[in-house]
Amino acid sequence: MAYTLPNLSFAYNALEPFIDAKTMEIHHAKHHQAYIDKINAALSATGLENETIEKILMNLNDVPENVRMVVRNNGGGHCNHSLFWNMMASPQNGGGGEPKGTLAVSLHQTFGSFDVFQKKLNDAALNRFGSGWAWLVVDETGKLEILSTANQDTPLSEGLKPILGIDVWEHAYYLLYQNRRADYVSAWWNVVNWEQIEKNYLEARG
Ligand code: MN3
């Protein structure tokens with residue numbers, strides 16, 4: 001089964017004024033679609049066509065060497081963006097604010113406060129040189145951790161479970177923010193979907 005582009009649960013303009021409709025449309029319909037086209041082509045005739053993308057990225061060494069880098073980059077792009085769309089919600093529909101529930105307690109226990117957590121994730125996003133992602137992940141022991149990855153690398157390939165990610169590729173913000181990544185990252189918190197991230201957290205802890 002070839003992978004297909006997931007529908008967004010909101011309109012392209014739903015995240016305005018923080019993320020503009022044009023950026024969302026190009027990001028989803030062009031960039032994400034391109035990753036899907038390339039991963040589908042790369043996997044054809046590998047015997048991995050029916051695996052989930054998560055399982056493939058968790059076991060990159062099982063991917064034939066001649067397509068491994070293409071799978072890592074484009075499979076990662078498909079996987080990361082599929083998560084990313086659900087990690088955002090319109091401010092009119094619950095986006096933004098601070099988390100409630102189990103994750104709020106764990107963030108406090110791990111980082112001391114929500115503000116410290118947010119500052120550390122912002123630092124990870126701003127210090128990622130070039131293209132990549134900043135992540136909040138759950139490690140093998142259930143502990144929360146902040147890190148960043150280059151390109152479309154996913155924490156799944158390191159045995160970690162991503163529960164919140166910020167795309168810091170220029171394609172995610174350049175139309176509206178040009179070179180001002182810090183402004184984009186700070187605006188992004190207005191559309192963070194804590195309800196979904198709480199779900200991701202509970203699922204990751206099992
Ligand atoms: Mn992107």
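Residues are numbered from 1 along each chain as its sequence is written, and side-chain values use heavy atoms, with hydrogens and water left out. Because the model is predicted, local features need pLDDT of at least 70 and side-chain atom pairs count only at pLDDT 80 or more, while totals for chains, interfaces and linings use all residues.

**The sheet**

Begin by selecting residues 132-138, which form strand β1; strands here are DSSP runs of E with at least two residues, and helices are runs of H or I with at least four, numbered from the N terminus.

On the β3 side, β1 pairs over six bridges, and A134 has I166 as its bridge partner.

Now colour β1 by side-chain direction: G132, A134, L136 and V138 point one way, W133, W135 and V137 point the other way, and all are buried, meaning under 20% relative accessible area with a 1.4 Å probe and protein chains only.

**The helix pair**

Next select α4 (residues 101-111) and α8 (residues 194-205), which pack at an angle of about 75° with their axes 8 Å apart; axes are lines fitted to C-alpha atoms over the stretch in contact, and angles run from 0 to 180 degrees between N-to-C directions. That makes α4 roughly perpendicular to α8, a term covering 65 to 115 degrees. Show G101, T102, L103 and S106 in α4, which meet W194, I197, E198, Y201, L202 and R205 in α8, contact being heavy atoms within 4.5 Å.

**Around H32**

Finally, centre on H32 in helix α1 (residues 21-43), which is buried with a relative accessible area of 0%. Its side chain makes a polar contact of 2.9 Å with that of H78 and another, also 2.9 Å, with that of W85; a polar contact is a pair of N or O atoms within 3.5 Å, and within protein one must be able to donate a hydrogen and the other to accept it, while residues adjacent in sequence count only if both atoms are side-chain atoms. Leaving aside neighbours within four places in sequence, the contacts of H32 include L5, P6, H81 and S82.

Definitions and conventions: Pairing = 2+ DSSP bridges. Parallel < 35°, antiparallel > 145°, perpendicular 65-115°, else oblique. Buried < 20%, exposed > 50% of the residue type's maximum accessible area, 1.4 Å probe, protein only.
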